[in-house]
Amino acid sequence: MSTGMDVLDAFIQDAMFLKATFQETSTLKHPTDQGNEREHAVRTTVGKYIHRRAAIYKRAGVEDSSTGAWFHQQDVVLADPTVEPHRILNDDGRVYIDPSAVHTVIEVKSTVDSEVLSGAMQSIANVQTAPRRRQAEVHHLRFASSAGQLNYVPTSGGVFAYSSKFKRVRTVTRWIEGWCRDRTPEEWPKFVTIADLGHFMWCDPRSGNAAPWPTTGKEVLMCFQAAHPHHPLVALSTHLNYLSRLWWAPGTAFQLGEVAEIPHGLRVGEAIYPSGVTAPRNSCQHACLDCQRFGPR
């Protein structure tokens with residue numbers, strides 16, 4: 001059985017692995033080779049921390065198998081392995097996945113500025129707004145959205161970047177909020193993780209609780225700023241496991257997943273709230289997302 005120290009060591013090693021990969025690939029002359037190696041590193045790392053069984057693809061296209069609607073190629077795709085079709089072209093290894101099978105997508109970037117981050121968030125928005133339920137399906141559920149109720153759990157998405165051109169939380173917050181302004185919450189990224197800065201996500205301005213899914217449009221952006229290199233990975237892994245609670249394949253009977261136990265009790269960084277928002281009451285000392293969402297154990 002793993003101890004807290006074992007898991008801490010694993011996160012530290014993975015942070016070092018990502019750092020080394022992003023540094024070593026900077027010497028590659030072809031941008032495609034550079035991106036391929038970095039996306040593979042993120043895919044490998046993320047796969048270690050997902051509690052549910054998932055198929056994790058790199059550079060997969062999301063395409064509706066019924067209508068042919070195209071929702072772009074995504075850098076890393078977490079999908080339900082039991083839902084067909086996962087169409088793989090053997091000649092070059094490309095994968096095409098129906099939105100019904102897709103749970104979470106991650107855009108991988110090296111260094112982000114406002115323009116790069118805007119492009120990544122737009123790619124995420126394209127797949128997050130893809131319908132996941134087909135008309136012939138019998139089983140479905142109601143999921144709250146800013147426009148009412150959906151008959152399916154929408155796809156989640158976020159951005160992972162190794163670094164930012166500006167090292168200030170306020171600057172990156174302004175980039176994200178500026179892009180999200182005048183867009184519906186269904187288009188907003190669920191998270192933006194920058195390895196050398198922190199994990200950005202949404203929170204309820206009234207309670208200060210972290211909000212894994214922005215649904216009302218009133219959520220505000222907060223950040224778990226990294227004090228140590230592994231903090232953003234801890235926050236990202238915790239967030240992904242919250243999202244996986246509603247890992248539900250349309251057309252199947254719905255069963256809510258259990259609250260993912262946080263096996264490490266590790267810090268996720270320093271919680272930085274926007275002006276006027278305070279930390280939730282009775283939060284624990286290590287400020288993990290689990291405590292903020294469900295209260296200390």
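Visitor: Does cysteine 180 count as buried or exposed?
Guide: This is a predicted model, so local features need pLDDT of at least 70 and side-chain atom pairs count only at pLDDT 80 or more, while totals for chains, interfaces and linings use all residues. Residues are numbered from 1 along each chain as its sequence is written, and side-chain values use heavy atoms, with hydrogens and water left out. The cut-offs are under 20% relative accessible area for buried and over 50% for exposed, with partly exposed in between (1.4 Å probe, protein chains only). Cysteine 180 comes in at 4% relative accessibility, so it's buried.

Visitor: And what is the relative accessible area of cysteine 223?
Guide: Cysteine 223 is buried too.

Visitor: How many disulfides does the structure hold?
Guide: To score as one, a pair of cysteine sulfur atoms has to sit within 2.5 Å. The count for this structure is 0.

Visitor: Which residues touch the most other members of the largest nonpolar core?
Guide: A nonpolar core means buried Ala, Val, Leu, Ile, Met, Phe, Trp, Tyr and Cys residues joined through side-chain atoms within 4.5 Å. The largest one here has 43 residues, and top of the list are Val46 and Phe160.

Visitor: How many residues are in the second, separate core?
Guide: Among its members are Ala55, Ala79, Ala101 and Met121. The total is 39.

Visitor: Leaving aside neighbours within four places in sequence, which residues is phenylalanine 160 in contact with?
Guide: Contact here is heavy atoms within 4.5 Å. On that basis, phenylalanine 160's partners are Leu18, Phe22, Val42, Ile106, Glu107, Val108, Lys109, Thr193, Ala195, Leu233 and Leu236.
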